[in-house]
Amino acid sequence: MKFFPKQLIDGYRTFATQRLPTEQSRYRDLSERGQFPETMVIGCCDSRVSPEVIFDVGPGELFVVRNIANLVPVYQPDGTAHGVSAALEYAVTVLKVKHIVVLGHAQCGGIRAFVDKIEPLTPGDFIGKWMQMFIKPGEVVEQREHESMAQFVERIEKAAVFRSLENLMTFPFVRKAVESGQMQTHGAYFGVSEGSLFVLDRVAKEFISVRDELKSGE
């Protein structure tokens, strides 16, 4: 353990002495029965946006897949490896989750790289190729007149959630579950600086502040 990150060892020590004793029975139950989460979250790799922390859940409550810019590719059974598609396949057909949440966020590095059209970081240009999934062939994404850069970036961050929700429905097993009423898909957006959460209103096609909704319900 000499070269293992000290921060992680210290964190585990705290977990093992403080949290684990109160949740030991839950871990044991999960080990014996398996996992049965009702919700899958497709989030970003960004270290500031942890679904388990944002939604204050315990072990076994969320099935999470994270990638650059929380993107969902289109259904493409081409014989190559697809991590997000594999996670979707398992969540929907085996775990039979009732909800899939695409969680976007502010200050997304992947979206900023896409907007700024940065040069490839390596010869593989993995980020650049990954982000190209965000747009359809022939689609042009540009800053609008009278739109600040901050407004432009936020619009694209939220557009990525819309596109991922759209791409979800290209998966036959997802579409079948949604159309049969067995599952629902949702969009959400997290504001890092304020810790604010916005949930997509599919009818109005806009993100609604959860805090505002909670206040209005008081």
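1. The largest nonpolar core has 27 residues, and Met40, Ile42, Leu88, Ile100, Leu168 and Val174 touch the most other members. A nonpolar core here is a set of buried Ala, Val, Leu, Ile, Met, Phe, Trp, Tyr and Cys residues joined through side-chain atoms within 4.5 Å; buried means under 20% relative accessible area, with a 1.4 Å probe and protein chains only. At least two residues of this core come from each of β1 (39-44), β2 (62-67), α3, β3 (99-105), α6 and α7. The most are given by α3, with 6 residues. Helices (H or I, at least four residues) and strands (E, at least two) are DSSP runs, numbered from the N terminus.

2. The model is predicted: local features need pLDDT of at least 70 and side-chain atom pairs count only at pLDDT 80 or more, while totals for chains, interfaces and linings use all residues. Residues are numbered from 1 along each chain as its sequence is written, and side-chain values use heavy atoms, with hydrogens and water left out.

3. Leaving aside residues up to four places away in sequence, Val174 touches Val92, Leu168, Met169 and Met183; contact means heavy atoms within 4.5 Å. A second, separate core of 15 residues includes Cys44, Ala69, Ile111 and Phe134.

4. Helix α3 (residues 83-95) packs against helix α7 (residues 172-179) at an angle of about 35°, with the axes 9 Å apart. Axes are lines fitted to C-alpha atoms, for helices over the stretch in contact, and angles run from 0 to 180 degrees between N-to-C directions. On the α3 side the contact is made by Leu88, Glu89, Val92 and Thr93, and on the α7 side by Phe173, Val174 and Ala177.

5. Helix α4 (residues 109-116) and helix α6 (residues 149-168) cross at roughly 120°, and their axes come within 10 Å. From α4, Ile111, Arg112, Phe114 and Val115 meet Met149, Phe152, Val153, Ile156, Glu157 and Ala160 of α6.

6. Strand β4 (residues 184-191) pairs with strand β5 (residues 196-201) in the antiparallel sense over 4 bridges; strands pair if DSSP finds at least two bridges between them. Gly191 has Ser196 in β5 as its bridge partner. The hairpin of β4 and β5 has 4 residues between the strands, and Gly195 takes a positive phi near 70° there.

7. Antiparallel pairing over 4 bridges also joins β5 and strand β6 (residues 206-209). Asp201 stands opposite Glu206 in β6. In the hairpin of β5 and β6, with 4 residues between the strands, Lys205 takes a positive phi near 60°.

How values were computed. Buried means under 20% relative accessible area, exposed over 50%, partly exposed in between (1.4 Å probe, protein chains only).
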